[in-house]
Amino acid sequence: MTTPELLAVAIAVLLAGAAASLALARRARLAGWVSTAFVAAAAAAIWVVVVRAFSSRAEGEATVLALPDLGARLSVVVDPLSAFFLAIVATIAVVATLYSVDYMTHFAGNTLAKFYPILLVFFAAIVGVLVVSDFLFFLVCWELMTLTSFFLVTFERENAASQRAGWKYFVITHAATLCMVVAALVLWRQCGSFHFGDLLAALAQLLATRPLLAHTVLGLLFIGFATKAGVLPMGDWLPDAHPVAPSGMSAALSGALVKLGIYGLVRFFGALLPASAAAVGWGIAIALAGTASLFVGTLTALRQTDSKRLMAFHTIGQIGYICLGLGVGIACLRTAPTLGALAIVGALFHAANHACFKACLFLGAGAVLYRTGERDMNRLGGLAAAMPLTAGSSTVASLAIAGVPPLNGFASKWLIVAACLLAGMAQPLFLILGLVAMFISLATLASFLKVLGAVFLGQPNPERRVSEVPATMAAAQVVLAALCVLLGVLPFWPLRFIRDAAAASVPIAVPSASELLGGPWGLAVTGGGAALALWSPLVVAGGMVVLAFVAYGLQRAGGAGRREVAVWTGGEEHAAATVRYAASSFYLPFKHAFAGIYPRIRWRVPAFPGGLRRAFDVDAWAYRPAARLVERAAGAVSRSHVGVPQVYLLWIVVGAVAVVAIVLGLVG
Amino acid sequence: MLSWMLVLMVLLPALAAAVAAVVKGAFARWVAATAAAVVAVLAVWCCLAGYGVSYRVTLGDLPFLAGTASAPVPGVLLDPLGCILLLVVTVIGFLTVLYSTRYLSAANREHPEGPAGQGRYYFWLLLFLASMVGVAISPNFLQLFIFWEMTTVCSWALISYYGTPRSLAAGFKALVMTGAGGLFFLGAICVLFVKTGSFEFAALGQLPGDWRAAVLVMLLIAAWAKAAQVPFHTWLPDAMAAPTPISAYLHAAAMVKAGVYLMARVVVANPEVPPAVAMLAGAMALVTIFVALSYYFIQDDLKRLLAYSTIANLGYVMLGVALGALGSVTALRGAALHILCHGFGKAALFLCVGAVAYVTGSRSISALAGVARTMPLTATAFFVGVLAVAGVPPFGSFWSKFMIVAGAMRLAGAIGPVVVTLVLFESLISFAWLLHVAQKVFLGETTPVACVNSDPPPAMSAALVVLMLGCLVAPAFGIPLVQWIGR
């Protein structure tokens with residue numbers, strides 16, 4: 001089968017799965033298993049497409065449908081960049097659906113007819129977004145994705161918070177989409193086509209002839225993509241919408257949906273800017289937006305006590321890292337291709353890594369929610385013993401997101417920060433941004449130590465009986481955690497393909513994978529023939545394993561015992577739950593220092609001017625007075641109807657005389 | 001063959017109307033449903049048979065005009081633009097009749113209705129269907145005008161159907177305002193006939209410059225009155241006193257479309273419209289869009305909110321037509337497509353409101369909440385309708401609105417970007433508000449008013465399902481069809 005056929009099969013399978021799960025909606029678990037089977041089948045087809053796109057058997061563009069009047073055609077092409085994101089989406093989709101099989105059973109009052117079918121259409125829309133090469137149909141898929149995710153976010157019908165969050169999400173992202181519509185139309189006016197290639201050519205030409213208009217278009221596109229990606233301040237929808245969605249959907253939102261904003265940025269900005277004179281300016285702008293996001297997002301996350309909200313803020317932060325890498329890459333690619341490619345590759349790698357660990361973290365938070373009904377970390381604690389798999393996966397993912405070696409978060413952050421620091425030699429701003437990113441990694445670690453400490457460690461609440469989540473939910477988490485380890489220990493393996501994706505999307509030749517990233521067992525950044533930085537995860541991981549065995553051996557050899565004692569509360573008697581070190585007690589100085597970093601702006605809707613309202617009410621000042629006038633005139637005329645025959649006769653005579661007089665006057 | 005089918009589509013509902021008026025009680029609705037179904041099937045067949053061509057036949061001649069008028073008057077015309085209106089009128093007309101068969105019943109908690117008065121209802125409804133088909137297939141101004149005024153009368157009778165003082169006043173107001181607009185139409189026809197000796201649409205092009213502008217402005221005033229555009233926008237919200245299926249059909253999908261259809265017809269037949277008139281039409285359309293928007297936020301009655309949304313969307317069609325008159329054929333096609341797509345979306349919304357009122361007895365935004373719990377199908381249809389009317393892809397209005405704004409972009413100078421910005425701004429605000437209202441009414445905690453049993457009866461639900469599908473697939477057959485307009 002050709003690539004378009006495979007994609008058509010994947011989308012048809014997803015839609016068929018939507019229909020099947022709609023029919024089975026009354027039987028929650030069965031609907032879940034059926035959906036998982038369909039998603040898995042579609043994911044298999046997509047993986048074939050991905051493998052094919054990265055192999056030499058890549059195929060050209062295929063046109064399905066054309067609208068000649070608009071210069072739009074539904075054409076499909078899978079290049080390595082699309083394939084890279086397709087791989088992320090296919091993986092996350094399977095895991096999130098599998099997880100939902102048992103998770104969704106605990107929503108009693110809500111029918112699953114509005115979960116699985118919409119979820120599967122949502123995945124189909126994402127596939128559409130990634131494969132079409134025409135902006136009009138891109139927008140159609142993009143908004144289909146938004147509207148399906150809106151219904152998934154507002155799944156809990158009676159929860160006012162989820163309704164508000166869903167509304168905010170849909171309206172903000174719809175506004176962003178309209179910005180993209182304007183941008184596309186301006187370019188379409190120049191070239192009469194919506195094809196990506198034509199639009200980019202028109203934009204490049206516009207940059208040369210009318211730079212102001214071109215930068216406006218770029219700004220509109222940036223707003224469109226960055227809003228979806230969750231870059232602040234447009235990403236303000238994200239901390240509201242992620243927590244209220246069912247956890248499988250939160251994972252899909254953070255793992256897949258926000259990545260598409262990054263996809264759009266790479267597809268347009270990465271493909272156009274590096275070769276143009278505007279590269280440095282826009283590169284710095286994107287990097288600054290990213291740094292602002294990672295700074296504000298992560299420090300705000302530090303203040304949160306709602307586990308899923310905290311993770312949503314970290315999504316903003318991690319997207320900030322990706323944008324930082326992207327910005328540095330775009331700015332440097334022309335002058336220093338190796339450095340720029342390194343930054344872009346690091347950014348894309350971080351996108352994949354973020355999908356793994358953030359999805360895992362949301363699933364972990366969901367697992368805790370499933371068993372305890374709590375998202376408030378102040379009321380949780382001591383779950384590690386009862387939920388070992390969840391606790392273990394969440395720990396791995398937490399360390400990964402914080403960038404602890406040898407996990408995957410470290411590898412990608414290492415690339416991004418290395419690129420920032422090296423680019424800082426020429427452009428000191430990037431040095432500062434890189435240092436900020438490094439400092440914020442620490443804040444991320446602190447934030448997740450809080451999560452691990454408050455949720456999994458400490459004394460369990462004896463009144464609450466908690467057990468490990470069902471196998472499907474545990475499996476989903478363990479798979480993602482294993483991916484975090486795997487991608488971290490063997491970073492060169494995925495990075496080889498990511499280099500291909502980056503190379504396919506930028507207009508400047510990118511060095512080969514081994515030139516760019518060093519050997520197969522580690523990473524090396526070289527500059528001017530000398531190795532500038534090295535990262536050997538296997539050595540570090542091996543060393544850590546050896547050290548762990550040594551420590552364990554020493555402990556055994558020394559016969560050091562462990563003793564467990566209750567928390568000492570000065571002799572007072574307290575329940576374990578009340579003397580726990582609660583989540584809100586962490587990092588108070590930080591919270592005070594950065595209290596106003598995420599301001600809540602209250603919009604005041606301006607009152608509608610009363611004068612204008614009266615002017616619009618044409619009835620009041622025109623029609624009703626006119627009608628009354630007519631009525632009064634009719635009344636005046638009717639007064640002549642006195643009901644006396646003699647008077648009427650008199651009128652007739654007078655009238656006859658008048659007529660005769662007029663006729664005589666005219667004739668004479 | 002085709003011509004007689006077209007004539008049959010006018011005569012059949014008119015005949016059925018007469019039958020429905022005299023037969024007893026429940027039988028009337030079966031007569032009406034059958035006739036409407038046959039007409040809908042015929043209309044689809046005709047549109048397929050006459051796909052992409054302009055089919056025109058003269059049927060006899062009027063003796064008193066023989067020799068005076070340069071072309072015979074009675075005839076039929078089926079072209080892509082007429083097909084669009086014909087499909088809207090007949091398909092949604094059938095669904096409305098189907099819906100009405102259950103809506104007008106004793107089980108209706110808003111307006112319990114015995115079988116007694118129903119013959120009158122179906123008489124006017126079918127007569128309206130016949131006259132609307134007549135509007136869609138009229139080949140000249142005179143014939144169009146006759147059917148046009150017939151729709152006005154039907155509208156008056158149906159708005160006043162319940163006979164309450166409010167509905168009587170609303171019906172009278174609608175009659176006076178649209179009737180006054182009709183006088184301008186008549187004036188335009190008189191001038192045209194005196195100056196050119198013809199009632200043809202294309203005869204406008206033979207008028208000398210100043211007269212042409214005057215006639216066009218008179219036609220424009222007639223269209224504004226019919227389509228409830230500023231400054232004649234005040235009758236439509238009051239007309240919501242009509243039974244809800246009537247509001248869905250006459251005052252959202254069909255009759256008000258006659259106004260914009262007239263202007264589209266004029267522009268299709270006469271590409272050379274004086275720019276000043278086109279600018280006037282476009283400017284008033286923009287004013288209408290924003291005036292209607294300004295009323296959204298103070299409505300509590302769902303039907304009145306939808307009425308203002310209808311006014312705004314008719315403004316969109318008018319805008320597209322005006323841009324078409326300025327030379328952008330894409331916008332003109334978008335306007336024609338919007339007639340179709342908006343018809344499906346808005347009819348779905350109105351029929352949902354009717355279903356909610358049927359089951360709960362209320363259509364107040366503040367009193368209703370959490371209706372989706374017991375009426376999932378209605379809630380789905382309402383959300384689909386909101387997304388369709390607001391222009392969220394992949395639903396219908398996205399494509400039509402997109403074609404209108406893209407058409408605006410085609411024009412030279414600053415008009416395009418300004419129009420696009422204004423239109424998209426309105427689009428966003430109205431989308432946000434409609435979504436908010438949909439969430440308020442259908443989601444959240446269920447209020448006592450909304451504690452009801454279930455979705456409406458199957459006939460009403462079926463109409464909702466078909467309209468939902470229509471919202472999704474309308475562009476699929478609408479876009480190829482409108483490509484033939486303006487060739």
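Two residues are taken to be in contact if their C-beta atoms, placed from the backbone, lie within 7 Å. In the predicted model, local features need pLDDT of at least 70 and side-chain atom pairs count only at pLDDT 80 or more, whereas totals for chains, interfaces and linings use all residues. Residues are numbered from 1 along each chain as its sequence is written, and chains are lettered from A and ligands numbered from 1 in the order in which they are written.

Between the two chains, 31 residues of chain B are in contact with 29 residues of chain A. Helix 11 (275-296), helix 13 (329-360), helix 15 (396-410) and helix 16 (415-442) of chain B each give two or more residues to the side that touches chain A; helices (H or I, at least four residues) and strands (E, at least two) are DSSP runs, numbered from the N terminus. Helix 16 of chain B provides the largest share of this side, nine residues. By class, the side of chain B that touches chain A has 19 nonpolar residues (Ala, Val, Leu, Ile, Met, Phe, Trp, Tyr, Cys and Pro), nine polar and three charged (Asp, Glu, Lys and Arg); the others, Gly among them, count as polar.

Chain A has 24 helices and four strands. Its C-alpha trace spans about 140 × 70 × 50 Å along the principal axes. Of the 668 residues of chain A, 53% are buried, that is, 20 or more other C-beta atoms, placed from the backbone, lie within 10 Å of the residue's own.

In chain B, 24 of the 24 residues of helix 3 are buried, so this helix is largely enclosed by the rest of the structure.

Notes:
A residue is buried if 20 or more other C-beta atoms lie within 10 Å of its own, exposed if 12 or fewer, and partly exposed in between; C-beta atoms are placed from the backbone.
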